[in-house]
Amino acid sequence: MKNRIPFTALALALAAAFPVQAQSNAEILKELQDLKAKVADLEAKLKAQEARSPTSPPTPQWGMTPEQARELNRVAVKTEALEDAVEAQGLKMFKINGFMDPTYLWNQRQDRAGFQFLNPVALDGYNYDNSYFGGAYLDLQKEMEGGTKWRLTLVPNRGTGSVIGEQSIVQEASVSVPLGSLQTRLIAGQVPDWSGYEYQQATLNKLITHNLLYDFTLPTLYTGAGMEYIRGKWWSRWMLANVNTSKRNAGEKAPAFVYRVDYSRGEFQGFGFAGLHGKAANFRADGANPVSGEDYSTRDTRVNLFEFDAYFIRGDWTVQGQVSYGTQKQAAINAHPETGELRDSRWTGVSGLVAYKFIPRWELVGRFDHVRNNKNGGGLLGYTVADDRNGIGPSRALPTADGLVDCTATWVDGCDKGANRSALSLGISYLFNLNTTLKAEARYDRANLPVFLDVKSGEYRKSNAVFGTSVVVSF
């Protein structure tokens, strides 16, 4: 009401300012009445605005009815409550995923066919026809405020913890802590090996089995600490770590240095390389020198590994390749025939894969591998004795003038050569839905020496055939 007197006085002053000589008293009165009516209308609108309480329903906006506006308010309140509950329970930035891949496999030389699922690696060993497929995988990841990451991956019977012989269900247990920025991090824990173009997980591996380099020339896991760097298109990692063990034994002190560097050249292609330099378990050193009596047991020896891999993925095409070199001191299958001294193992290998989606849901895959392993009777990383299932080592049926000789039992000329190995795999996969993939693979393995045992006939052959199918269901 305080605004009424000034406003009325203003109106009267305006009216008095106009010339009235030519106007009659009736005309002047009419103009004053019109001005008063306008003032009264403005005062009424002001009172209506002041009378509206803060708790009154909001004026509908963007075409909302009052009921819709109330519903929007209820949704906003519930959303805030849910966000508070998720954060209070530690579920913010928490991710769970996993998969299962029951597998059916037929093996010619092993004379067996059947399903493989959750079978313990510790009971059967790690073999190319019994590697990581046929398992269940559960991955838990958490990112905290500030960028610290925590990861725990569980794989019963079929994970890295089982492959190294510790019968652990832990595949990976690692932390990543940013140091100053999210692109520079401290990494620590148990980490699966990061070498090569193939991944362990069935959801990322195009075929069922793995290539020869993956199975026989690369480490399984690292336990240690190191750094990770991301600089533009470059991604680098390194660790000081134990190789294939969660702790070192008495008398073992020096960790190995492991690393990987990746470069993404563009949207469709890139390359990477990885290496390992240091000491690791030598399973060949499991006894004493038969000549000198020197004890070889519990001896770790130096390992040097290096591999280079590259990829091209565009549209329906995938092309991947890898070359590898490795050596381990005193780990060859054959010792010196005269002195009994252990000798060094050495190998080189190459692997290539091509895949093409001829229909969006259907993909054809071909892969070829070759490992040259003939030095000192052969010997690969972790495979330091003759293996008639995987086809590693000297001839088990070497032709001589006196008949066939098993070089693992008798030494004759020619027994110092290990078998070179090759494998050709052809496969097809069908994406049934976003979470389910059906796979089939036919694989042919060959060696230049008779090193595959045919368990049905008891004879040694130069080749073996494997056929498998699997269904991969992920979430």
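Tutor: What follows is a set of questions and answers on a predicted model.

Student: Of the contacts with a separation of 6 or more, what share comes from residues 24 or more positions apart?
Tutor: A contact here means heavy atoms within 4.5 Å. Taking the contacts in the protein with a separation of 6 or more, residues 24 or more positions apart account for 60%.

Student: What percentage of the residues in the protein is buried?
Tutor: A residue is called buried when its relative accessible area is under 20%. The protein has 475 residues, and the buried ones make up 40%.

Student: With which side chain does the side chain of Glu228 make a polar contact?
Tutor: Among the residues that Glu228 touches are Ser176, Trp235, Ser236 and Arg237. The polar contact from the side chain of Glu228 has a distance of 2.8 Å, and the side chain on the other end is that of Trp235.

Student: How many residues apart in sequence are the parts that Arg109 and Asp454 tie together?
Tutor: Arg109 and Asp454 form a salt bridge in which the closest N and O atoms are 3.1 Å apart. Arg109 is in the loop between strand E2 (103-107) and strand E3 (112-116), while Asp454 is in strand E20 (residues 452-454), so the parts tied together are separated in sequence by 345 residues.

Student: Are Arg109 and Asp454 buried or exposed?
Tutor: The cut-off for a buried residue is a relative accessible area under 20%, whereas an exposed one lies over 50%. By that criterion both Arg109 and Asp454 are buried.

Student: For the salt bridge between Glu198 and Arg367, what is the relative accessible area of Arg367?
Tutor: The closest N and O atoms of Glu198 and Arg367 are 2.8 Å apart. The pair links distant parts of the chain, with Glu198 in the loop between strand E7 (184-192) and helix H6 (212-216) and Arg367 in strand E15 (residues 362-372), 169 residues apart. Glu198 is buried, with a relative accessible area of 7%. Arg367 is buried as well, and its relative accessible area is 1%.

Student: What is the N to O distance in the salt bridge between Glu459 and Arg461?
Tutor: Glu459 is partly exposed, having a relative accessible area of 40%. Arg461 is likewise partly exposed, at 33%. The side chains of Glu459 and Arg461 meet in a salt bridge whose N to O distance is 2.6 Å.

Student: Which backbone oxygen does the side chain of Ser162 reach?
Tutor: Ser162 lies in helix H5 (residues 160-163) and is buried, with a relative accessible area of 5%. Not counting residues up to four places away in sequence, Ser162 touches Val121, Asn157, Gln167 and Ser168. The side chain of Ser162 reaches, at 3.3 Å, the backbone oxygen of Ser168.

Student: Near what value is phi of Gln167?
Tutor: Gln167 is found in the loop between H5 and strand E6 (170-181) and is exposed, with a relative accessible area of 62%. Gln167 is a residue other than glycine with a positive phi, and the value is near 55°.

Student: How much space lies in the largest cavity?
Tutor: The count comes to three cavities of 30 Å³ or more. The largest cavity is lined by 18 residues, and the closest to its centre are Asp101, Tyr132, Phe133, Gln200 and Ala202. The space in the largest cavity is about 150 Å³.

Methods
Residues numbered from 1 in each chain as written. Predicted model: local features only at pLDDT ≥ 70, side-chain atom pairs only at ≥ 80, totals over all residues. Heavy atoms only, no water. Polar contact = N/O pair within 3.5 Å; in protein donor to acceptor, adjacent residues only side chain to side chain. 1 Å grid on protein atoms, 1.4 Å probe; cavity = no way out; pocket = protein on both sides within 12 Å on 5 of 7 lines; lining within 4 Å. Points joined across faces, edges and corners; volume = space filled by probe spheres on them. Salt bridge = Lys/Arg side-chain N within 4 Å of Asp/Glu carboxyl O. Helix = DSSP H or I, 4+ residues; strand = E, 2+ residues; numbered from the N terminus. Buried < 20%, exposed > 50% of the residue type's maximum accessible area, 1.4 Å probe, protein only.
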